[in-house]
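The sequence and the structure come first.

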Amino acid sequence: MVDAKKIQRRLERYADDADPLTRVSNRLALILAANQPFYPFYVFWLTGALDPLLALTFVSTPFFIAAPWVTKRFPAAGRLYFPVVGALNTFFCAYLFGSASGVELFLAPCLVIAALSCRAADRVALGIFVATLLAGFLFLHERFATPIGDPAQFQTLLPLNTYSAAVLTAMAAWMLSAGWTEGDVTPKT
């Protein structure tokens, strides 16, 4: 039988970090990873599209799961690892579903997570990330290839993606603001 409490303790230890912001970012990455494999089912439920390419939407799941591992080995780069993976996944899904799907709205939580999880020592890297993200959005928005299915079909994803991106943004802001007030928040590299 599966011991849920044991699994939860292992996940908490895996996400744990001395830096409260990194710990919260790691937890957010694992929450996203746990929800991501269900996205193709939501797409199918809302659009009726049953294309094997939908499975590609959770190819990035292992990269989200790896976020705590990366932050432990590369602390300076680790704070931006999760938002970078999220942004790359967002651009990839926008390529699959087109801009009309609203999937690009997930760039908002990527920005919030990056901005609130970085310290003063990370400002240059954060600036590069924000500039690259903005340039990517401005360059790629509505220039993606034809979606994998009927573009009108994927417009039905707009409410789901709007709601999901808003919830993830609010959850990230709430959790990271708690990280800023937890214990010693002096800048760490």
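## Q153 and helix α9

Setting aside neighbours within four places in sequence, Q153 is in contact with T47, G48 and A49, where contact means heavy atoms within 4.5 Å. Q153 has its place in helix α9 (residues 151–154); helices are DSSP runs of H or I with at least four residues, numbered from the N terminus. At 23% relative accessibility, Q153 counts as partly exposed; buried means under 20% relative accessible area, exposed over 50%, and partly exposed in between, with a 1.4 Å probe and protein chains only.

## Basis of the model

This is a predicted model, in which local features need pLDDT of at least 70 and side-chain atom pairs count only at pLDDT 80 or more, while totals for chains, interfaces and linings use all residues. Residues are numbered from 1 along each chain as its sequence is written, and side-chain values use heavy atoms, leaving out hydrogens and water.

## Packing of α7 against α8

Two packed helices are described by the angle between their axes and the distance between the axes. The axes of helix α7 (residues 107–117) and helix α8 (residues 123–140) come within 10 Å and cross at roughly 170°. Axes here are lines fitted to C-alpha atoms, for helices over the stretch in contact, and angles run from 0 to 180 degrees between N-to-C directions. The helices α7 and α8 are therefore roughly antiparallel to each other; angles under 35 degrees count as roughly parallel, over 145 as roughly antiparallel, 65 to 115 as roughly perpendicular and the rest as oblique.

On the α7 side, L107, C110, L111, A114 and A115 meet L126, F129, V130, L133 and F137 of α8. The residues of this contact divide into ten nonpolar, no polar and no charged. Ala, Val, Leu, Ile, Met, Phe, Trp, Tyr, Cys and Pro count as nonpolar, Asp, Glu, Lys and Arg as charged, and the others, Gly among them, as polar.

## Packing of α1 against α2

Helix α1 (residues 4–15) and α2 have axes that come within 8 Å and cross at roughly 130°. The two are therefore oblique to each other. L11, Y14 and A15 in α1 meet R23, N26, R27 and L30 in α2. This contact of α1 with α2 is made up of four nonpolar residues, one polar and two charged.

E12 also has its place in helix α1. With a relative accessible area of 39%, E12 is partly exposed. The C-alpha atoms of E12 and L30 are 18 residues apart along the chain and separated by 9.8 Å.

## Helix α10

Helix α10 (residues 158–181) has 24 residues and reaches 35 Å from its first C-alpha to its last, close to the 34 Å expected at 1.5 Å a residue. The expected span is 1.5 Å times one less than the number of residues. Buried in α10 are L160, N161, A165, L168, T169, A172, M175, L176 and G179. Their cover includes α2 (20–35), α3 (39–47) and α7.

Apart from neighbours within four places in sequence, M175 is in contact with V24, R27, L28 and I31. The C-alpha atoms of M175 and P83 are separated by 15 Å, the two residues being 92 apart along the chain.

Where in the chain is N89 found? N89 is in helix α6 (residues 75–97), and is buried with a relative accessible area of 14%. Not counting residues up to four places away in sequence, N89 touches Q36, T57, S60 and F64.

P83 also has its place in helix α6 and counts as buried at 1% relative accessibility. Leaving aside neighbours within four places in sequence, P83 is in contact with C110, I113, A114 and F129. P83 and A67 are 16 residues apart in sequence and 9.8 Å apart in space, C-alpha to C-alpha.

## Aromatic pairs

A search of the whole structure finds two aromatic pairs. Rings of Phe, Tyr and Trp (its six-membered ring) pair if their centres lie within 6.5 Å; planes under 30 degrees apart count as stacked, over 60 as edge-to-face and the rest as tilted. Y39 and F97 form a tilted pair, 6.1 Å centre to centre with 55° between the planes. This pair links distant parts of the chain, with Y39 in helix α3 and F97 in helix α6, 58 residues apart. Both Y39 and F97 are buried.

The rings of F64 and F82 have their centres 5.8 Å apart and their planes at 80°, so the pair is edge-to-face. F64 lies in helix α4 (residues 61–65) and F82 in helix α6, so the pair ties together parts that are 18 residues apart in sequence. F64 and F82 are both buried.
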